[in-house]
Amino acid sequence: MKKRIEKAAVLGAGTMGSRIAAHLANAGISCYLLDIVPRELTLEEQAKGLTLAQPAVRNRIVRGGLEAAKKARPAAFFTADTASLVTIGNFEDNLAWCGEVDWIIEAVAENLDIKRNLLERVEQHRKPGTIVTTNTSGLPIHLVADGRSDDFQRHWAGTHFFNPPRYMKLVELIPGPKTDSGVVETLDDVCDRRLGKGVVIAKDTPNFIANRIGTYSMLNSVRLMIELEMTIEEVDACTGPAVGWPKSATFRTADIVGLDILVHVVRNIYENAKNDESREAYKVPPLIEDMISRGWLGEKTGKGFYQAVKKGGEREILTLDWQKMDYRSKQKARFASIEAGKTIEDTRSRLRALVAPVLDGQGGDKASRFLWGSLSEMCSYAARRVPEIADSIVDVDRAMRWGFAWELGPFEMWNAIGVERMAQALERDGKELPPLAEKVLATPKKVFYETEKGSTSYFDVATATLKPVEEPAGVILLKSLKDRTAVVQSNAGASLIDLGDGVICCEFHSKMNSIGGDIGAMIHAGIARLSSDFDAMVIANQAPNFSVGANLMLLLIGAQEGEWDEIHMAVRQFQRVNMAIKYAPGPVVAAPQGMALGGGCEISMHSARIQATGESYIGLVETGVGLVPGGGGTKEMLIRANEHSAGGENLDLFHALKPIFETIAMAKVSTSGEEARSLGFLRPSDLISMNRDRQVADAKRTALAMVRAGYHPPAPAEIRVLGDEFLAAAKLAIHMLVRGEFATEYDGVVGRKLANILAGGALSAPQMVSEQYILDLEREAFVSLCGERKTQERVAHTLKTGKPLRN
């Protein structure tokens with residue numbers, strides 16, 4: 001049976017332990033965080049007259065870990081207040097707290113003896129049935145718990161989080177030899193639903209799945225670089241977005257992780273994977289040994305494969321010349337195959353094109369030869385590791401996607417290139433095919449995966465047949481629904497998809513999900529169907545970002561050509577879209593994930609309910625390009641200020657408006673779904689899905705609950721505004737900011753436009769106004785700013801660089 005996890009203890013307040021505790025707090029799980037007691041006083045403690053017996057000293061190490069987590073960038077906690085769920089203590093005074101919790105996570109140093117000794121002490125306080133896991137990245141799970149009681153071992157497992165735990169999706173769940181199935185089910189469920197993780201079941205083998213494959217791939221890249229006499233930049237050009245891997249590619253990733261950590265993992269695999277036919281590949285390369293001896297460990301020491309230096313006040317990235325062991329200016333890698341690949345949007349098609357010259361026996365350029373050696377060796381190695389490290393190729397692919405942020409796992413890559421075609425090239429190179437590949441080639445279809453009518457099947461190792469890929473219950477994949485002909489209506493920017501049970505979904509699919517007329521038209525079409533075919537609507541997509549806002553390029557062109565009537569009309573039409581969402585006959589639930597900026601934020605705020613994700617980065621960012629929100633965003637924030645001050649005096653509304661003015665004027669973007677709530681973009685009734693894979697299903701469930709509760713559209717809002725009472729104070733504040741050079745003169749121009757909207761115009765006394773009145777103020781301010789040269793400069797600069805311009 002699954003167990004409810006309400007309280008946890010994390011043992012070890014280092015980088016991983018403190019960040020795991022932070023993410024437990026993000027999930028609403030109260031947590032004890034414990035670490036060792038210091039053996040000596042610091043000079044500062046001595047100066048204060050403190051002793052080793054005082055709590056302030058005894059908790060110094062654990063407090064330092066928690067403070068580091070609070071200051072971490074990217075942020076470890078959803079909000080600053082979330083840290084209040086973490087209580088600190090130490091192993092000497094507070095280990096008995098382990099008897100109060102449902103889950104104990106050991107995250108101390110990667111040393112078998114240290115872990116064993118601590119767990120022996122933990123067992124003295126642990127109550128029977130409490131789950132205990134280790135966050136080891138590679139030590140044998142069964143050895144860590146060796147000598148513990150039967151009840152302990154039945155509730156024991158490995159839970160390998162990836163760093164940073166809040167952001168990295170993967171958790172490898174490694175059962176011990178005696179682990180109860182209910183414990184595995186509980187851990188799977190809490191990591192998935194409450195922590196938002198992708199869970200794969202790994203076997204108790206050296207470094208489990210992702211680090212085993214990923215480390216092999218990295219070492220192979222080093223070998224090929226030396227063999228082909230390539231530069232650091234050339235390898236990273238091949239092993240980044242070109243193949244669907246992160247921009248950090250191979251060597252930037254190594255610098256971030258730290259070469260000392262990499263070497264620790266490599267040596268652990270070499271020492272423990274004694275039956276691995278490629279064991280010799282896990283010997284630390286002389287190049288990395290040399291770097292370690294010089295103290296070049298990556299980011300933590302300032303030097304690694306790259307070095308950041310300042311020259312003339314400017315930051316410059318230097319690159320290691322591995323042949324001379326010296327740093328030089330960064331050089332752009334130039335490969336015809338990589339450049340040609342940039343024109344191919346689909347990763348699978350791009351992979352085929354990149355290695356095609358080698359597969360066809362034409363050789364290709366150096367990048368093609370490197371990629372063939374890199375990908376073919378890695379895919380073959382992964383195939384030889386199944387079923388040793390995992391029973392399913394799906395778990396291996398998911399581990400690499402979720403743990404290393406690869407777009408495709410090794411078997412998905414092999415499938416994309418062509419199983420038979422790649423096997424033939426391997427045999428031509430004199431390489432022995434992995435037994436798994438031979439099994440696949442012996443089947444009629446000769447594939448690792450097959451997708452048909454929205455359903456994907458995978459090659460099951462145990463039965464040598466294709467079996468359906470099982471998604472966890474409560475997950476809706478929009479692409480699968482579309483492939484199964486669930487599309488009701490579609491245009492270039494959006495589609496209407498039948499989610500079943502009377503719920504329709506409006507999915508954006510324009511470039512970057514930027515908002516234009518196509519999306520507006522499809523939202524209107526979906527709302528129209530709420531009066532006939534459907535009961536509720538969800539606005540969602542499963543792209544990296546919900547929407548980056550309006551199409552700025554079209555706006556800039558229109559402004560430069562003086563098409564003011566057209567701009568007025570476009571803004572008015574977007575306002576009508578948002579008002580249609582707000583007053584739709586059935587509930588509209590917006591499901592923003594990733595970035596929901598500008599218009600994406602405004603669409604969400606007009607919805608009857610928001611089902612955000614933990615990682616929702618929401619904001620009205622128009623002031624960053626010299627504009628103000630034009631689609632009703634300022635209006636909705638003004639309504640929220642009214643709600644916050646409901647029943648109060650004008651002074652209460654004045655105080656409620658101040659943070660809203662600051663949020664919009666400074667183009668603040670939330671760093672989490674919860675912070676979006678504190679900034680006012682989410683209301684108290686809005687919901688957050690921790691696992692974005694579950695967000696669409698959660699939004700559908702929320703919409704249906706609103707239907708069952710007898711949903712009716714809200715009454716038209718009447719908005720109290722303060723007029724000159726707020727406007728005069730806002731103008732004074734803007735003047736002081738400009739005078740103190742905290743804002744530019746043009747920031748002041750934009751700020752006064754925004755203040756005028758929030759004030760309801762230059763009214764002589766507070767009064768009630770309609771939503772349309774505020775929308776008209778928004779539209780006039782937006783269009784007038786479009787005509788300003790400095791706004792056009794800001795828009796053009798943002799389009800070119802992706803960064804705001806302060807002019």
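These legends go with a handful of close-up views of a predicted model.

In this predicted model, local features need pLDDT of at least 70, side-chain atom pairs count only at pLDDT 80 or more, and totals for chains, interfaces and linings use all residues. Residues are numbered from 1 along each chain as its sequence is written, and side-chain values use heavy atoms, with hydrogens and water left out.

**View 1. Helices α18 and α19 pack at an angle of about 90 degrees.** Here α18 covers residues 410–417 and α19 covers residues 419–428, and their axes lie 5 Å apart. Helices (H or I, at least four residues) and strands (E, at least two) are DSSP runs, numbered from the N terminus. Axes are lines fitted to C-alpha atoms, for helices over the stretch in contact, with angles running from 0 to 180 degrees between N-to-C directions. That puts α18 roughly perpendicular to α19 (angles under 35 degrees count as roughly parallel, over 145 as roughly antiparallel, 65 to 115 as roughly perpendicular and the rest as oblique). On the α18 side, look for Trp 414, Asn 415 and Ile 417; they meet Val 419, Arg 421, Met 422, Ala 423 and Leu 426 of α19. Contact here means heavy atoms within 4.5 Å.

**View 2. Helices α15 and α16 pack at about 100 degrees.** With α15 at residues 347–359 and α16 at residues 366–384, the axes sit 8 Å apart. This pair, α15 and α16, is therefore roughly perpendicular too. From α15 come Leu 351, Leu 354, Val 355, Pro 357, Val 358 and Leu 359, while α16 brings in Ser 368, Arg 369, Leu 371, Trp 372 and Leu 375.

**View 3. Arg 4 and Glu 6 join in a salt bridge.** The N to O distance between these two side chains, Arg 4 and Glu 6, is 2.7 Å. A salt bridge is a side-chain nitrogen of Lys or Arg within 4 Å of a carboxyl oxygen of Asp or Glu. Arg 4 is exposed at 54% relative accessible area, whereas Glu 6 is partly exposed at 41%. For the cut-offs, buried means under 20% relative accessible area, exposed over 50%, and partly exposed in between (1.4 Å probe, protein chains only). Across the whole structure, a search turns up 60 salt bridges.

**View 4. Arg 529 pairs with Asp 533 in a salt bridge.** Their side chains come to 2.9 Å, N to O. Arg 529 is partly exposed at 24%, and Asp 533 is partly exposed at 47%. Elsewhere, salt bridges with shared partners tie Arg 212, Asp 276, Glu 277, Arg 384, Arg 385 and Glu 388 into one network.

**View 5. Met 553, Ile 557 and Leu 799 make a nonpolar surface patch.** Patches take residues with over 30% relative accessible area and no salt bridge, joining like charges within 9 Å and nonpolar side chains (Val, Leu, Ile, Met, Phe, Trp, Tyr) within 5 Å. Met 553 sits in helix α23 (residues 552–560) and is partly exposed at 41% relative accessible area.

**View 6. Gly 14 lies in the loop between β1 (7–11) and α1 (15–26).** Gly 14 is partly exposed, with 38% relative accessible area. Setting aside neighbours within four places in sequence, Gly 14 touches Arg 19 and Asp 35. His 160 is 146 residues from Gly 14 in sequence and 15 Å away in space, C-alpha to C-alpha.

Note on methods. Accessible areas come from the Shrake-Rupley method with a 1.4 Å probe; for residues, only the protein chains shown count as cover.
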